[in-house]
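I am opening a notebook on a structure that is new to me.

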Amino acid sequence: MGILEDRVVIVTGAGRGLGRGEALECARQGAAVVLNEFDPATGAAVVAEIESSGGRAVLVEGDVSQVEVADRLVAVAVDSFGQLDALVNNAGILRDRTLVKMSPQEWDAVIAVHLRGHYAATHAACGYWREQNRPGRMVHTASTSGILGNFGQANYGAAKAGIAALSTIVAQEMAKYGVTSNAIAPAARTAMTESAYGDIPATESGTFDFWAPENVAPFVAWLCSDSAGDISGKVFGVQGDTVELYQPYTSVAVIENDGQRWEPEQFTDRIGSLFEESGIVAQAEFMMSKLRYTMSQR
Ligand SMILES: NC(=O)c1ccc[n+]([C@@H]2O[C@H](COP(=O)([O-])OP(=O)(O)OC[C@H]3O[C@@H](n4cnc5c(N)ncnc54)[C@H](O)[C@@H]3O)[C@@H](O)[C@H]2O)c1
């Protein structure tokens, strides 16, 4: 018996990549799955794949940043399968460009799909859980680009940092209903990372393929299960056979001024102690170089 037997799970952007893996794994664990996908052909193919293995799945086509599509996801879950137990917010796009060259359209498109898409589906699901007074699970998809910052991804990183914050706040607001909210910062070989990193070769068959997109799905399915009920408001790094726990932004040093308002010029002499005390460098850093697992290196 799977860990999601009799559960109903929504997965957005489920036609390929991580979302496809998450939909298939949730179905394998016994859940009925409501798939959302912008590209109807790939979405329908995943529904067919689940059904051919004896699972239950239905497709809601469309752009998840549209409130009507997000609302329909919850309505279809209830109409088709009687309830909603978990939401996996996954749909996403890239429009990478350094900020100076980034057009308003590139900014808006990425913010819309990721941040508005997460808001729209989360809003619909949380409204349902509050109204029904039912427990629920949410897994949102952040990124190391948002948590750490990544060159050329101001739009994407801003959206992904926003998603981590959204997840933390919704975790606080929905705790009284028994609804959990966590975010993952995944890494895997998909069409999206191919466009960012180029071809990441698969490991020879027979050995564990670290960057295979299906590797992210087991932890996501587990976060959707009853067993994960006491975990909320956290950000996990997930890739290959690893799960990391990220520390939220934390104050690590302080300066004070003897109970007096600061004069701006005082900071010239005093600011250094913040960096000395914390060991953090004052200049802009390439935080991605601090990743434990990087696609370009493995
Ligand atoms: N692959 C990685 O290493 C990685 C790393 C960090 C974060 N992520 C995040 O994981 C998620 C999945 O990425 P992926 O690598 O599987 O990418 P992908 O491009 O392979 O899959 C994304 C899917 O989302 C769908 N989609 C796009 N816009 C949509 C919309 N408006 N409404 C509904 N569906 C939409 C696409 O059609 C596609 O099927 C994204 O949020 C991405 O930002 C991925």
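How many aromatic pairs does a search of the whole structure find? I looked this up and the search gives seven aromatic pairs, where rings of Phe, Tyr and Trp (its six-membered ring) pair if their centres lie within 6.5 Å, with planes under 30 degrees apart counted as stacked, over 60 as edge-to-face and the rest as tilted. Before going on I noted that this is a predicted model, in which local features need pLDDT of at least 70 and side-chain atom pairs count only at pLDDT 80 or more, while totals for chains, interfaces and linings use all residues. I also noted that residues are numbered from 1 along each chain as its sequence is written, and that side-chain values use heavy atoms, with hydrogens and water left out.

**Entry on the rings**

I took Phe208 and Phe210, which form an edge-to-face pair with 6.5 Å from centre to centre and 85 degrees between the planes. Phe208 is partly exposed at 47% relative accessibility, whereas Phe210 is buried at 7%; here buried means under 20% relative accessible area, exposed over 50% and partly exposed in between, with a 1.4 Å probe and protein chains only. I then turned to Phe219 and Phe236, whose ring centres are 4.9 Å apart with planes at 70 degrees, so this pair is edge-to-face. Because Phe219 lies in helix H8 (residues 217–223) and Phe236 in strand E7 (residues 235–239), the pair ties together parts that are 17 residues apart in sequence. Helices (H or I, at least four residues) and strands (E, at least two) are DSSP runs, numbered from the N terminus. Both Phe219 and Phe236 are buried. I also found that ring pairs link Phe208, Phe210, Trp211 and Tyr293 into a cluster.

**Entry on the whole protein**

I counted 10 helices and eight strands in the protein. Its radius of gyration is 21 Å, close to the 19 Å that the globule rule gives for 298 residues, so the protein is as compact as a globular protein of that length; the radius is taken over C-alpha atoms, and the rule is 2.2 Å times the number of residues to the power 0.38. The C-alpha trace spans about 70 × 50 × 40 Å along the principal axes, and 47% of the 298 residues count as buried. Of the contacts (heavy atoms within 4.5 Å) with a separation of 6 or more, 69% are between residues 24 or more positions apart.

**Entry on Leu4**

Is Leu4 buried or exposed? Leu4, in the segment before strand E1 (8–11), is buried, with a relative accessible area of 0%.

**Entry on the aspartates**

I looked up Asp6 in the segment before E1 and found a positive phi of about 65 degrees, although Asp6 is not a glycine. Most residues other than glycine have a negative phi. Asp6 is exposed at 57% relative accessibility. Asp258, in the loop between strand E8 (242–246) and helix H9 (267–270), also has a positive phi, of about 50 degrees, and is exposed at 74%. Asp230 lies in the loop between H8 and E7 and is exposed at 69% relative accessibility.
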